[in-house]
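The entries are kept in the order I made them.

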Amino acid sequence: MERNIKELIDGLNEDLAYELTAIHQYIYNAAVVSGLARLTLKDFFMNEAQDEIKHAQYLAEKIASLGGEPVVDAKPITPQRDVKGMLQITLQAEVDTISRYTKRVEQAENVNDIELKTQLEDFIADETKHKEEMERLLADPRL
Ligand SMILES: [Fe+2]
Ligand SMILES: [Fe+2]
């Protein structure tokens, strides 16, 4: 296997681990969020988890197509019951994810995989929407 394909597969496996972590984090957040915030945030977190499931599934398929082995171990989540803390952790995770995908777009370009590049750019759009929603929730002066 070419070295740059191997590096790309390793990177996509790192992305997959973080998508699985995001799914776990959102399921946890939806389960424990309490108080009045629960009325809106429970559904919000579950909807975000649906996007991350699509991302994880695509990455696992793509890794296999490239000849790699999809890693399905997630990283540990950060348990946080305080609403503001929960949103801050989630915001940081989205920011980090956008930066990983930005690097991965470059790697996809380097191996001329336009399909992967296009998908990753779509993912960056999804994660940017998640990030912006989180920033707007955090703008609530009552938090
Ligand atoms: Fe995602
Ligand atoms: Fe996200």
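Predicted model: local features only at pLDDT ≥ 70, side-chain atom pairs only at ≥ 80, totals over all residues.

**Entry 1: iron ion (ligand 1).** I listed the donors of the iron ion (ligand 1). They are E19 (OE), E19 (OE), E52 (OE), H55 (ND1) and E127 (OE), at 2.0 to 2.2 Å. E19 is in helix α1 (residues 3–32) and H55 is in helix α2 (residues 38–65), so I noted a link between distant parts of the chain, 36 residues apart. I then checked burial. E19 is buried, with a relative accessible area of 2%. H55 is buried too, with 1%.

**Entry 2: iron ion (ligand 2).** I repeated the search for the iron ion (ligand 2). Its protein donors are E52 (OE), E94 (OE), E94 (OE), E127 (OE) and H130 (ND1), lying 2.0 to 2.4 Å from it. The spacing here reads E-x41-E-x32-E-x2-H. E94 sits in helix α3 (residues 83–110) and H130 in helix α4 (residues 114–138), so this pair ties together parts 36 residues apart in sequence. Both E94 and H130 are buried.

**Entry 3: the bridge.** How far apart are the iron ion (ligand 1) and the iron ion (ligand 2)? I get 4.0 Å, with E52 bridging them.

**Entry 4: helix α4.** I compared the length of α4 with expectation. At 1.5 Å a residue, its 25 residues should span 36 Å. The end C-alpha atoms of α4 are 36 Å apart, which agrees. Which residues of α4 are buried? I find L116, K117, L120, F123, I124, E127, H130, M134 and L138. The cover over these buried residues includes α1, α2 and α3. I also looked at the N-terminal end of α4. D113 caps it, with a side-chain oxygen 3.5 Å from the backbone nitrogen of E115.

**Entry 5: Q107.** I placed Q107 in helix α3. Is Q107 buried or exposed? Q107 counts as buried, because its relative accessibility is 17% and the cut-off for buried is under 20%. The side chain of Q107 makes a polar contact with the side chain of R104, at 2.8 Å. Leaving out residues up to four places away in sequence, Q107 touches E7 and L8.

**Entry 6: salt bridges.** I searched the whole structure and count eleven salt bridges. I wrote up some of them.

- R3 and E7 meet at 2.7 Å, N to O. They are four residues apart in helix α1, so about one helical turn separates them. R3 is exposed, at 65% relative accessible area, whereas E7 is partly exposed, at 38%.
- E14 and R104 meet at 3.7 Å, N to O. This pair links helix α1 to helix α3, 90 residues apart. E14 is partly exposed at 36% relative accessibility; R104 is buried at 2%.
- K62 and E115 meet at 2.8 Å, N to O. K62 lies in helix α2 and E115 in helix α4, so the pair ties together parts 53 residues apart in sequence. K62 is buried at 12% relative accessibility, and E115 is partly exposed at 39%.

**Entry 7: network.** Which residues are linked in a network of salt bridges? I find E14, D15, R100 and R104.

Key: Residues numbered from 1 in each chain as written. Chains lettered and ligands numbered in written order. Heavy atoms only, no water. Donors = N, O, S within 2.8 Å, 3.2 Å for Na, K, Ca; no water. Helix = DSSP H or I, 4+ residues; strand = E, 2+ residues; numbered from the N terminus. Buried < 20%, exposed > 50% of the residue type's maximum accessible area, 1.4 Å probe, protein only. Expected span 1.5 Å × (residues − 1). Contact = heavy atoms within 4.5 Å. Polar contact = N/O pair within 3.5 Å; in protein donor to acceptor, adjacent residues only side chain to side chain. Salt bridge = Lys/Arg side-chain N within 4 Å of Asp/Glu carboxyl O.
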